[in-house]
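These notes are for a colleague opening the model for the first time. Please read the points below alongside the sequence and the 3D view.

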Amino acid sequence: MKKLLTILITTIICISAVLWIFSSLKKEKSSQNEVIFWTLQMSDFSDYMNGVISEFEAQNPEIKIKWIDVPFSEGEKRTLASVLSDNPPDLINLNPDFSATLAQKGALYEIPQNAAKDFVPEIANSLKYNGKLYSLPWYATSAVTIFNKELLKKAGAEVPKTYEEIAKIAPQIKEKTGAYVFLPNITENDTMLKILNKYGVNGWENINSEKSVEVFEFYKGLYVKNLIPKESITQTHREALEKYMSENIVLFQAGANFLNMIKENAPSTYQNTDVAPQITGELGQNDFSLMNFVIPLKAPHKDAALKFALFLTNSENQLELAKLTNVIATNQKTLRDDFYTKYDEGDLMAKARVISAKQLNHVQPVMRVNRNQKDINNLVNTAVQEILLDKAPTKTILDNVAKDWQMLVF
């Protein structure tokens, strides 16, 4: 009996030892903190990304980064599937609209407010939902006005600063050059909503207001008088670019990166090209586009993910990325660098970059994002087409938009 008891005790000790070893191995493995990191179509900059990852891992040996680059067209679908699962990535690169949708669904981790202290305040505030921070800005773009200075000179016109000034010079441009002043691509994504926001029209409550009617009527007037192309109700910025390169329009609002396309595909047009600040509305602010980082609520390594996100967006790494891609940094220190404050007069790309960076200081009020934002975009874009084609009185159409928008939000 004593021998049996000894064997039993020995067996229990051995089993306990084995379990302890496995437990220790498991803890050691989990302590590695492998952060799964998704980006959207950044593979062209893999040298930069791998360099930043290696530097971060060297400074933080307890954290490993596994980088996965996702095609842009699959980003939202794959992200939605992942956050609904029990094993999402730890850090995801998204656009603010979809990030807001996920925040509204309670699928994102709330980031401490002080994590955003190094970013442009207006940009960081634009990412808040119900006063809480659910994402961090990575990089931005802010359109500039690309214009054909020879065609403007031929028309005897100055570069317009506001939409109202565009309306004033449109007839003389058409008469003296045969070109249109611009192609506004007002039914592409949220273009019309961004324009309305420049006049303080930013929700279902005032989409049918007197000011909103005035803005829609402004475009209807240009359209009816044949002062903007008939294709304006269907075509996108890609078609606008084509028309600019063939000198069928005089102004083209786009990011600085489009200058390279003009230079490569229409060198003679590029020779006549210059840049100016983007067209503003009544409130004088600029619109912008942004890419950001989010941490899913179910992410297993939230602290490590946040630490890596802040490393990616520190002043040095933002500046290096900007020099590779010509995007606009969101880190305040980076924006004070000579890269964003100085340019040689003959360097058009640098001039556009400096103008874009300055515009980030005047982005309030930022267009607010709602539930079902894509459906709201479609509502407004359909309204643009109906109004320009005179399907019904503008106020009647916008009253219907207000009702449908309210139903989508609540």
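1. A cavity here is a set of points, on a 1 Å grid over the protein atoms alone, where a 1.4 Å probe fits but cannot get out, and lining residues have an atom within 4 Å of a point. Grid points are joined across faces, edges and corners, and a volume is the space filled by probe spheres set on the points. The structure is a predicted model: local features need pLDDT of at least 70, side-chain atom pairs count only at pLDDT 80 or more, and totals for chains, interfaces and linings use all residues. Residues are numbered from 1 along each chain as its sequence is written, and side-chain values use heavy atoms, with hydrogens and water left out.

2. Under this rule there are three cavities of 30 Å³ or more. The largest cavity holds about 60 Å³ of space. Its lining consists of L193, L196, N197, V201, N202, M367, R368, N370, Q373 and W405. Helix 8 (residues 191-197) supplies the largest share of that lining, three residues; helices (H or I, at least four residues) and strands (E, at least two) are DSSP runs, numbered from the N terminus. By class, the lining of the largest cavity has five nonpolar, four polar and one charged residue. Ala, Val, Leu, Ile, Met, Phe, Trp, Tyr, Cys and Pro count as nonpolar, Asp, Glu, Lys and Arg as charged, and the others, Gly among them, as polar.

3. An open sheet with mixed pairing is formed by six strands in the order 2-1-3-10-6-11. Strand 2 (64-70) and strand 11 (328-329) are its edge strands, each pairing on one side only. Two strands pair if DSSP finds at least two bridges between them. Strand 1 (residues 34-40) and strand 3 (residues 91-94) pair in the parallel sense over two bridges, and W38 has I92 of strand 3 as its bridge partner.

4. Helix 2 (residues 46-59) lies across strand 1, strand 2 and strand 6 (135-141), at about 160 degrees to strand 2. Axes are lines fitted to C-alpha atoms, for helices over the stretch in contact, and angles run from 0 to 180 degrees between N-to-C directions. Contact means heavy atoms within 4.5 Å.

5. How do helix 2 and helix 14 pack, and at what angle? The angle between helix 2 and helix 14 (residues 315-325) is about 170 degrees, and their axes are 11 Å apart. The two helices are therefore roughly antiparallel, a term for angles over 145 degrees. Y48, V52 and E55 in helix 2 meet N317, E320, L321 and L324 in helix 14. This contact has four nonpolar, one polar and two charged residues.

6. A three-strand open sheet has the order 8-7-9 and antiparallel pairing. Strand 8 (251-254) and strand 9 (273-276) each have a single partner strand, so one side of each is without a neighbour in the sheet. The twist from one strand to the next averages 30 degrees. Strand 7 (residues 144-148) and strand 9 pair over four antiparallel bridges, and T145 has A276 in strand 9 as its bridge partner. Helix 17 (residues 348-359) packs on this sheet, touching strand 7 and strand 9, and its direction makes about 15 degrees with that of strand 9.

7. Two backbone details deserve a check. Most residues other than glycine have a negative phi, and most peptide bonds are trans. Q364 and P365 are joined by a cis peptide bond, with omega about 0 degrees; P365 is in the loop between helix 17 and helix 18 (373-388). N130, not a glycine, has a positive phi of about 55 degrees, and N130 lies in the loop between strand 4 (128-129) and strand 5 (132-133).

Key
On a 1 Å grid over the protein atoms alone, a cavity is a set of points where a 1.4 Å probe fits but cannot get out, and a pocket is an open set with protein on both sides within 12 Å along at least five of seven lines; lining residues have an atom within 4 Å of a point. Angles under 35 degrees count as roughly parallel, over 145 as roughly antiparallel, 65 to 115 as roughly perpendicular and the rest as oblique.
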